[in-house]
Amino acid sequence: MNIIRSLSEMKKWSQSLRKAGRTIGFIPTMGALHEGHLSLVAQARSQADATVMSIFVNPIQFGPAEDFRRYPRPLEADCAKAAGAGCDVVFVPQKSDMYPERYCTFVTVEDLSGRLCGASRPAHFRGVATVVLKLFNIVTPDIACFGQKDAQQVIVLRRMAEDLNVPVTIKVCPTVREADGLAMSSRNAYLTPAERAAAPVIYKGLQAARALYDKGERKAVRLSQIIEEHYRTAPLIKKEYIEIVDTISLHPLAAVASTALVAAACRTEESKTRLIDTIVLGGSL
Ligand code: AMP
């Protein structure tokens, strides 16, 4: 497996591969890899000839009071995991190459970016859309794989790729979970033991909503209510939002008529870790 740090070398590698008529599958990540990330590698490998994973903790998607500095960066272990999963290239761009002096161009996906997580993280999706478009331009992938856990992210990026005519197919992969249902996340490492024990309630609430939906309930207020009841039983897990929204516009739904995204964000009481999870009712993303 190649580890490429320079933008020009990455471009060259992609160009030579494309010249040879081979397709590229791409997985953008911030590292601290877990099974969720590796499932995206498996998906990319099954659909493209070569697989590139980027590892870049993108400063512009973090708010001033967020965890950019302390975000885990176990690069050596990550490269070993990426190699084990069958990546051909790990692309590790440097901050100073991605955002050199005088950098001043940003991508804003309007409306979608201010909803759900965007309400409390105002510059987050602008940072995500900007870095992912830059990475798409450097890596020139045919397909790019993203996790359903970060559903708003993939909905924003799909809109960006469509609006800006980026020739990439975006694939959404199922959320990989711990045995007790907690969605795998690099941020789970921040949890105190008591918070980790309580955190599965986030998915339990979503599962309860799905069970109610399966019994025929369609009213969003009833589905959110049952999630909220679950979260109230866990004092260490504080709800930030529970929303039932359209999977394309992210506008709130009064009732689930066809497909709906059920998204929850919580913050833990002790370590102040922000955890998100989602399910989709009546279809897929
Ligand atoms: P991150 O490193 O957190 O930026 O995530 C990189 C990619 O991995 C994104 O597309 C995430 O949605 C995806 N991802 C993160 N956690 C999971 C998970 N538990 N299951 C599936 N995909 C995930």
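A ligand nitrogen atom lies 2.8 Å from a polar backbone atom of Met184. This is a polar contact, a pair of N or O atoms within 3.5 Å; within protein, one must be able to donate a hydrogen and the other to accept it, and residues adjacent in sequence count only if both atoms are side-chain atoms.

| Residue (polar backbone atom) | Ligand atom | Distance |
|---|---|---|
| Met184 | nitrogen | 2.8 Å |
| Val176 | nitrogen | 2.8 Å |
| Met30 | oxygen | 2.9 Å |

Taken alone, the ligand exposes 490 Å², and the protein buries 93% of that. Accessible areas come from the Shrake-Rupley method with a 1.4 Å probe; for residues, only the protein chains shown count as cover.

The model is predicted: local features need pLDDT of at least 70, side-chain atom pairs count only at pLDDT 80 or more, and totals for chains, interfaces and linings use all residues. Residues are numbered from 1 along each chain as its sequence is written, and side-chain values use heavy atoms, with hydrogens and water left out.

Strand E2 (24-29), helix H2 (35-47) and strand E5 (143-147) each give two or more residues to it. H2 supplies the largest share, three residues. Helices (H or I, at least four residues) and strands (E, at least two) are DSSP runs, numbered from the N terminus. There are 16 residues around the ligand, each with a heavy atom within 4 Å of it. Met30, His37, Asp150, Val176 and Met184 come nearest.

The protein is divided into domain 1 (2-173) and domain 2 (186-278), with bounds from an automatic or database domain assignment. Their C-alpha centres lie 26 Å apart. In contact (heavy atoms within 4.5 Å) are 23 residues of domain 1 and 19 residues of domain 2.
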